[in-house]
Each structure stands twice: as C-alpha cells, then as structure tokens.
Amino acid sequence: APEPREVGVAWFPACSKQKMVLGKKKLAPAAPPAPEPREVVAAAVTQASAPFFDASAGDIHCIAALFSTMAKTTVPVHVTAELLGVRQQLKEHGPELCVAREQFDAAMQRAIDAGDTSASFNNIFAAATARCLHVKAVMKQVEEAVRELHRACGGALSLIQGFLSDLMPPPNTGKPLPPGAVNSLIQVLPSATECTVEELLGCLLRNLSEGDTAEMVGDAARARAAAARGT
C-alpha cells in the first residue's frame with residue numbers, strides 16, 4: 001500500500017482553519033495571535049479615555065453611563081462611586097459630584113481584565129465620547145425647562161414619570177411606566193415619592209441617547225410643566 005502523504009492546505013481552502021487528517025498526517029490550524037501585553041492595553045486605555053473624560057468633565061452620571069455600557073447592565077451611581085473610590089465624596093457632594101482625572105484613570109486601570117484588547121476599549125470610548133458630547137449639548141439647552149418642570153410638580157415622581165415616559169423610544173413612548181420604574185430610573189429608594197432636581201437632571205444625563213434631541217426633551221418638559229400647573 002502506498003505511504004500516506006501530506007497535502008497542502010491550499011488544496012482545501014474551505015478547511016484551511018480546521019485540523020485535517022490524511023492518512024497518518026495531521027495539519028494543525030494556525031496558532032491564535034498572542035494576547036496583548038497588559039501594559040500595552042493599559043496605555044491604550046489611558047489614551048482612548050482622555051477625550052471621554054474631557055467631554056464628561058468628570059461628571060459621575062456620565063461615568064456611570066460608561067460603566068453601564070462596559071458592564072452591559074445598569075451600574076448605579078452609588079456603585080460607580082465605589083468603583084471610583086469616591087463613596088465619601090458622593091455622600092458629601094451628592095449627585096452633582098465630579099471626580100478627578102486621577103480617580104477615573106485608576107478605576108479604568110483596575111477594570112482591565114485578561115484578554116481585553118486595545119481595539120475593544122478604543123471602540124467603547126469612541127462611542128461613549130460621542131454620546132456624552134451629544135447629551136451634554138442637549139442638557140445645556142433643556143436644563144431650564146427641566147428645572148421648571150421640577151418646580152411645577154414639586155419633584156413628585158407620580159408626575160415626573162409622565163415626562164420620562166414621553167422620552168421612551170417607540171412603541172413605549174407616552175405609555176405608563178411599570179410600577180417602580182421611575183424610582184429605578186432616577187435611582188431613589190423604592191419608597192420615595194419625590195426627587196430633587198439634581199437627581200432628575202442626573203437621570204437624563206445617564207439615560208438620554210444620541211437619538212434624543214433638545215427639541216423633543218424640551219417640548220416634553222414644558223408640556224408636562226404646563227399640565228402640572230393646570231395651564
């Protein structure tokens with residue numbers, strides 16, 4: 001019987017990534033690329049995060065939105081403060097807290113896991129920076145309208161939930177929120193019936209998207225304020 005022979009992978013291009021057996025010979029797939037050294041990823045994180053931090057000015061709500069994107073689940077402000085090592089500062093300054101660049105950088109370095117790549121962080125920060133710039137621009141235009149809504153309703157969550165429902169994407173726009181949803185969005189205790197204006201503004205900073213416009217948010221706030229005043 002003829003001896004088994006080795007066949008080049010080019011004969012079977014569709015199988016070039018699979019282990020092939022011909023007689024007694026095996027062709028192994030190419031080795032996976034070596035993981036990036038941690039120091040390379042760390043340097044990339046520092047560089048890629050700079051535009052985001054500049055856009056956010058260290059606002060803890062913007063950072064909470066970033067952490068939520070990275071974790072693929074909601075990361076509340078108080079947990080964000082823990083991750084940043086500023087829990088005591090949050091107690092002292094409340095929802096208007098802005099953190100220092102050094103605190104943010106240290107938290108990001110701690111977030112690097114084995115297998116993380118520079119490219120993945122570059123993509124995350126590019127998207128987060130674009131969102132942050134958009135939301136900050138929207139908030140600058142609608143802040144007074146939101147403050148007027150808060151004054152008109154006295155911070156009552158029963159009335160604010162209507163405003164938040166107006167901002168929900170289709171098909172839920174304007175529909176009543178599920179029980180407890182407004183407390184969860186604003187991140188107040190389940191038993192709370194009111195919120196501060198800073199907590200309401202922080203909720204918008206965390207949850208508005210690039211599809212939300214100043215016209216849409218401002219119109220919704222003014223309409224709900226008028227309804228609260230009965231005008």
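These are my notebook entries on a few spots I looked up in this structure, which is a predicted model.

**Entry 1: two helices side by side**

I began with a pair of helices. Two packed helices are described by the angle between their axes and the distance between the axes. My pair was α6, covering residues 118-153, and α7, covering residues 157-166. Their axes come within 9 Å and cross at roughly 150°. That angle makes α6 roughly antiparallel to α7, because angles over 145 degrees count that way. I also checked the hand of the crossing, and α6 passes α7 in a right-handed one.

Which residues of α6 and α7 meet? From α6 I noted Val146, Leu149, His150 and Cys153. From α7 I noted Leu159, Ile160 and Phe163. Sorted by class, this contact has 6 nonpolar residues and 1 polar residue, with no charged ones.

**Entry 2: Ser56 and what follows**

Next I went to helix α1, residues 38-56, where I found Ser56. Is Ser56 buried or exposed? Its relative accessible area is 0%, so Ser56 is buried. I then set aside the neighbours within four places in sequence and looked for what else Ser56 touches. Ser56 is in contact with Cys62, Cys132 and Lys136.

I moved on to Ala57, which lies in the loop between α1 and α2, the latter being residues 60-71. Ala57 has a relative accessible area of 48%, so I wrote it down as partly exposed.

**Entry 3: Lys72**

For a reader new to phi, here is the background I kept in mind. Most residues other than glycine have a negative phi, and most peptide bonds are trans.

Where is Lys72 found? I located Lys72 in the loop between α2 and α3, with α3 at residues 77-84. Lys72 is not a glycine, yet its phi is positive, at about 60°. Its relative accessibility is 77%, so Lys72 counts as exposed; the cut-off for exposed is over 50%.

**Entry 4: a pair of prolines**

My last stop was a peptide bond. What is the omega of the bond from Pro170 to Pro171? I read a value near 5°, and this bond is cis. Pro171 lies in the loop between α7 and α8, where α8 is residues 181-186. This brought me back to α7, the helix whose Leu159, Ile160 and Phe163 meet α6 in my opening entry.

Conventions
Residues numbered from 1 in each chain as written. Predicted model: local features only at pLDDT ≥ 70, side-chain atom pairs only at ≥ 80, totals over all residues. Heavy atoms only, no water. Axes fitted to C-alpha atoms, helices over the stretch in contact; angles between N-to-C directions. Helix = DSSP H or I, 4+ residues; strand = E, 2+ residues; numbered from the N terminus. Parallel < 35°, antiparallel > 145°, perpendicular 65-115°, else oblique. Left-handed = near helix turned anticlockwise from the far one by under 90°. Contact = heavy atoms within 4.5 Å. Nonpolar A, V, L, I, M, F, W, Y, C, P; charged D, E, K, R; others polar. Buried < 20%, exposed > 50% of the residue type's maximum accessible area, 1.4 Å probe, protein only.
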